[in-house]
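The exercises below are to be worked with the sequence and the model side by side. Each task is followed by a solution that goes step by step.

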Amino acid sequence: MILTRGIWVRLVALVLFTALAQVTFFSKIELFGSSPDGAVLVVAAVGLLGGSVAGAVCGFSIGLLVDCLLMQTLGAFAAALMAAGYLAGRYRESVGRPKRRVVPLLGGGLTLFAAFAFAAIQIGTGIDADVSTLVVRDALVKTLLGAALAFPVFWLVRLVLRPALIEDAPSGRRPTAPRPLEQRG
Amino acid sequence: MYRKQVRRRRAVLVLLVVASLALLSLYFREGSGGPLHTLQRGVAAVLGPFEEGADRALKPARDFVNWFDETFEARGENERLSEELAETRDELAQAQTTLQQGDELGRLNELTGGGIVPAGTEPVTARVVGRSPSVWYSTVTIDKGTSAGVRVDDAVVAADGLAGRVTATTRGTAQVTLITDPNSSVTGRVQPSGATGVVEPTVGDPEDLLLNFVATNEDIADGEMVVTAGFAGGDLDSVFPPGIPIGEVTDASLEEQQAYQRIHLRAFANLRDMEFVRVLAGSGGGEGGDG
């Protein structure tokens, strides 16, 4: 990813918009008894397009803003999203740009990972909770919704960050060398 | 060159992990007036207007998506019936509370305005503008804060019953911790028997509440209503006024060799879908936490 001043502005706007959309839109819509986790999908898209550092930093920032907006435990959502962004970036760096059919699988998988990471942090920080069927069902429905929404979100994020992207072929037709994160003033 | 990039990548990752752990650790250690809480309230206060704007701007899109879900579940009819039931339930709760507490309290209620709104409180209607994205937190953000008279510990009611209490405030927003949050507990009274207990959530299942510490000799049946008890005891006053409907008993089966009964409830308030709430400003007697 080529980072210019314009791209920084776009990234900051993306982070702000995603945090606000997560709190005021995604969390407030209900589909099949659960709400889609849009923030995870945006973070995954940034990781898949820009690498592990971009994914982790973007995830941490969005998560921290959501924690602030909801006045909940500072750092919990940030850590979960950071981990999801880092994993997405590592996929990009080790396998390459994902094929179209892989994007929904990655979206769903990272949504499930983020849900369980968040649950683990909650339990680790002292919430005395049973893993009830509702929690598991919520995570599974979120995963399915994440898989369904992954491609449109990936496409939108790609549209926003297009000037910064180093285009390459989808995975399977390219070498497995890690993608460099170039920086230009 | 490649090694340098790997080192930098690892350094950034380590930095973020350390930052996350430090935030989590410090956040739990400090009090609600600590620097992280203050910073959090400051960020929330700055972004509050944007949050409210985004909430209004995205409402049509949200309604559009929810319309599919609601159509799918045929909830339109259900909502209308729920509203009618809620009105009837409020009237019933108030009548039963008045009967039980006797003429003296009835006259006192009449003197102070009656109903669930205690004297000295000002009902403030607020819109729910933010919601926690997971089932682990049961908090919502509302668009009224200290500038509207909302204070920490004020009781919050939804259209169908008790929703929770205010736990943090900024000038223009407030955080409401719902009765389904793991940190929540409310003293409740079963109507009409008068048995009391503590209403706590079944963590991870916001559709189920537990009424704990009910004496085993109390005879409680499924379908009975639980309202706030509103105990008053010097420094230990309940933050919730008495008579606010909480939920109905769904499972009152008595297990053997239990010192107390544990009764399952279903909350009346639809805490996942509520759009508006009413804060009983002044009911909690807490301090404002303006950031």
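**Exercise 1.** In this predicted model, determine in which sense strands β1 and β2 of chain B pair, and over how many bridges.

*Solution.* Begin with the two segments, residues 122-131 for strand β1 and residues 139-142 for strand β2 of chain B. Between them there are three bridges, and the pairing is antiparallel. Then follow the pairing onward through chain B, where a closed barrel of six strands runs in the order β1-β2-β5-β4-β3-β12, with antiparallel pairing. Within this sheet, neighbouring strands are turned by 45° against each other on average, if direction is ignored.

**Exercise 2.** Decide where chain B has its lowest and highest confidence.

*Solution.* Start from the chain as a whole, with a mean pLDDT of 79 and 81% of residues at 70 or more. By element, the mean is lowest in helix α4 (residues 75-111) of chain B, at 66, and highest in strand β5 (residues 174-178) of chain B, at 91. Finally, note that pLDDT stays under 50 over residues 103-114 of chain B, a stretch with seven contacts beyond four places in sequence. Where pLDDT is low, the predicted coordinates should not be read in detail.

Methods:
Residues numbered from 1 in each chain as written. Chains lettered and ligands numbered in written order. Predicted model: local features only at pLDDT ≥ 70, side-chain atom pairs only at ≥ 80, totals over all residues. pLDDT = per-residue confidence, 0-100. Helix = DSSP H or I, 4+ residues; strand = E, 2+ residues; numbered from the N terminus. Contact = placed C-beta atoms within 7 Å. Pairing = 2+ DSSP bridges. Axes fitted to C-alpha atoms, helices over the stretch in contact; angles between N-to-C directions.
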